[in-house]
Amino acid sequence: MLTALLGATATVLAACGGSSAATVVEAPGATASSVSPPAASSGARPSVIVTYPVLGAVVKDVVGDTADVRVLMPGGADPHEWTPSAKDVQAILAADLVVDNGLMLEGRIQDPLAQAKAKGVTVFTVGDHITVRKVKSGEGAEPEDPDQAPGADDPHLWTDPLTMKQWVTPFAATLKGKGVDVTARAARVEADLADLDSRVRETLAAVPAGRRKLVTGHESMGYFAERYGFQLIGAVIPTVTSQSEASARELADLTKKIKAAGIPAIFAEIGTPKATTDAVARDSGATVVELSAHLLPADGSYRTFMLAIATTVTGALK
Ligand SMILES: [Zn+2]
């Protein structure tokens, strides 16, 4: 049954795709008459540095052309594995405002952030402004690892539009402290996120309650699951980061659970070891479906990102 797995430990390799160059992005919705000047060329607008592209999409929606927004992680990077370059650290130290996810998503950014704060840079940590989901026992977390034990913080707050909505107003207030008033834009973004939640619900309506069961690459869909009534059955990498290993026994247990629950699909994502996922799929009879739970789509839109997740989940489970 699981002979393919027994010899091979499911070691996760860093998914360091893309270039190490930071991405400079213009504000979405900018019209031909309001083209942003190149970043760092203007002393008038505050510079905002965002660590993670999915957060950057919503930051840009809120900020518009009132500030220069730069996202550090390249598209395709695994946020759990990302290490800021020396240039990234310089950018953090030179910014007016830094936006990070927190909750140990960007585990290797704590020292630069502490330096930036000591220098007087304002740091807005999104995880400080939302209802944090805690890892629950039975989710397959590794109890011996304090970052994964039941009760640890789940960093994947972006998989639920209503959780994303929670930090918009406090973020706008922080911008106001930098001399930028985005009150009207923030209200529009909040309305958009509430509408997006409705659209996601409509899409997921095709999945019967009894089939709302998720098996993912790692435990990345907790906020989504709690918002939309899905049960987390297990993960190929049984933690809330992609940096871990699964034992043969854990994989055999997962295979058993998938069979027992009659789950038709395993959602593979960034950092999920393909050979392991394929072996679990083969032994359980489930199909492997790619899920972009960490990567912003080409159009840079959070709405597109969430609707794609809803569509993928619906298509695989309905
Ligand atoms: Zn993740």
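**View 1. Strands β2 and β4 pair in the parallel sense.** Here β2 (residues 47-50) meets β4 (residues 97-100) over 3 bridges. Strands are DSSP runs of E with at least two residues, helices are runs of H or I with at least four, and both are numbered from the N terminus. Two strands count as paired if DSSP finds at least two bridges between them. Look for V50, which stands opposite V99 in β4. This is a predicted model, where local features need pLDDT of at least 70 and side-chain atom pairs count only at pLDDT 80 or more, while totals for chains, interfaces and linings use all residues. Residues are numbered from 1 along each chain as its sequence is written.

**View 2. Strand β2 also pairs with β3 (residues 68-71).** These two strands run parallel and are joined by 4 bridges, with V48 opposite V69 in β3. Between β2 and β3 the chain passes through helix α2 (residues 53-63), making a right-handed β-α-β crossover: with the strands pointing away from you, the path from the first strand over the helix to the second runs clockwise.

**View 3. The side chains of β2 point two ways.** S47 and I49 point one way, V48 and V50 the other, and all are buried (20 or more other C-beta atoms within 10 Å of a residue's own; exposed is 12 or fewer, partly exposed in between; C-beta atoms are placed from the backbone).

**View 4. The largest nonpolar core has 87 residues.** Such a core is a set of buried Ala, Val, Leu, Ile, Met, Phe, Trp, Tyr and Cys residues joined through C-beta atoms within 7 Å. V48, V50 and V62 are among those with the most contacts inside it. Helix α11 (residues 302-317) gives the most to this core, with 8 residues.
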